[in-house]
Amino acid sequence: MKTRSALTLTALGAATLLALTGCAAPEAEVLDNGDQKDLTIAVFNGWDEGVAASELWKAILDEKGYNVTLEYADVAPVYTGLTTDDYDVVLDTWLPITHASYIEKYGDDLVDLGAWNTEAKLTIAVNEDAPIDSLEELADNAELFGNRLVGIEPGAGLTEVTTDAVIPGYKLEGMEYLTSSTPAMLSELKAATKAGENIAVTLWQPHWAYDAFPVKDLADPQGLLGAAEGVHSFGGKSFETNFPTLSGWLKDFTLDSKQLASLENAMFNSGGSGSDYAPAVADWISANHDYVDSLTK
């Protein structure tokens, strides 16, 4: 009969062997193009352009045999997750301003795959047939817009720059600046469009509203809304090694604001339910097949 010590050592040895065997990471499945099959794209909660670009690439890559997972998260956890390969890539980094602090902190462990859109900017927009074209004209024509400027959430960066810079800079203090929410602003824009009325709203490029409604941006000659930014794709620390082919595709990826607004409008206003964007994305791909095919050549 084995002693208690011998039994204990035998059990510990078996447990150790089992643990070592069970913890061994399975070798990643690799496609014929050299990329790993499993891909996790991080998507910022509430950032429509990132949702649209990510859903587009998921549809494209799933068709090519990848197993793509979209994981929604807040901004800060995404960048830390990229440095540990919990996420493979994120398609919605705004530079040189919006996400600069994150890239400064984590950039040494990330790879910049380039900007796929260089027209991201804050705007004040009006209906396309409004009789003014510049923010310098708005104060003198405020009554044509009901003396109202319709904004979004009070805590948004766009709201802050409008309050602190645009309103005093263009002498718009005589207009009522309404802040509530982005859906409320879009509801007002939709109602004004239907009624054929003038309206001024705070908005930003890229956004599906530019495809859904006949609107135009007012010129900002003083530059108070800031310069345009680029929307970059950033891979995690092992991205180029694990996805050499996709890395090349994303480096060449471009999607201008008109195309992006069209895609977003199809996804978010197609009458579908919930967050199942696949049917709308498939329809958009079918209508834009030449462009989509070019992304993976």
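Q: What makes up the lining of the largest pocket, by class?
A: In this predicted model, the lining has 16 nonpolar, seven polar and six charged residues. Trp, Leu and Ile count as nonpolar.

Q: How much space lies in the largest pocket, and which residues are closest to its centre?
A: The space comes to about 720 Å³. There are 29 lining residues, and Trp47, Leu122, Ile152, Leu158 and Trp204 are the closest to the centre. A residue counts as lining if it has an atom within 4 Å of a pocket point.

Q: How do you know which domains the lining of the largest pocket draws on?
A: At least three lining residues come from domain 1 (38–120 + 228–292), and at least three from domain 2 (121–217).

Q: What is the volume of the second largest pocket, and which residues are closest to its centre?
A: Its volume is about 230 Å³. It is lined by 13 residues, with Gln36, Asp38, Thr40, Asp85 and Asp88 closest to the centre.

Q: What makes up the lining of the second largest pocket, by class and by strand?
A: The classes are three nonpolar, five polar and five charged. Asp counts as charged. Strand E1 (38–44) and strand E2 (67–73) each give at least two residues. E1 gives the most, with three.

Q: Why is Asp85 called partly exposed?
A: Its relative accessibility is 28%. Buried needs under 20% and exposed needs over 50%. Asp85 falls in between, so it counts as partly exposed.

Q: Is Lys171 buried or exposed, and how do you know?
A: The cut-off for exposed is over 50%. Lys171 has a relative accessible area of 62%, so it is exposed. It is found in the loop between H5 and strand E6 (176–178). Its phi is positive too, at about 55 degrees, and Lys171 is not a glycine.

Q: Is His207 buried or exposed, and why?
A: Buried means under 20% relative accessible area. His207 has 2%, so it is buried. It sits in the loop between strand E7 (200–205) and helix H7 (209–212).

Q: Which residues is His207 in contact with, beyond four places in sequence?
A: Leu186, Ala261 and Glu264. Each has heavy atoms within 4.5 Å of His207, which is what contact means. Lys258 is 51 residues away along the chain, and its C-alpha atom is 9.0 Å from that of His207.

Q: What kind of peptide bond joins Gln205 and Pro206, and what is its omega?
A: It is a cis bond, with omega about -5 degrees. Pro206 is in the loop between E7 and H7.

Q: What kind of peptide bond joins Leu95 and Pro96, and what is its omega?
A: This one is cis, with omega about 20 degrees. Pro96 is in the loop between E3 and helix H4 (100–106).

Q: How many of the contacts with a separation of 6 or more join residues 24 or more positions apart?
A: The share is 80%.

Definitions and conventions:
Residues are numbered from 1 along each chain as its sequence is written. This is a predicted model: local features need pLDDT of at least 70, side-chain atom pairs count only at pLDDT 80 or more; totals for chains, interfaces and linings use all residues. Side-chain values use heavy atoms; hydrogens and water are left out. On a 1 Å grid over the protein atoms alone, a cavity is a set of points where a 1.4 Å probe fits but cannot get out, and a pocket is an open set with protein on both sides within 12 Å along at least five of seven lines; lining residues have an atom within 4 Å of a point. Grid points are joined across faces, edges and corners, and a volume is the space filled by probe spheres set on the points. Domain bounds come from an automatic or database domain assignment. Helices (H or I, at least four residues) and strands (E, at least two) are DSSP runs, numbered from the N terminus. Buried means under 20% relative accessible area, exposed over 50%, partly exposed in between (1.4 Å probe, protein chains only).
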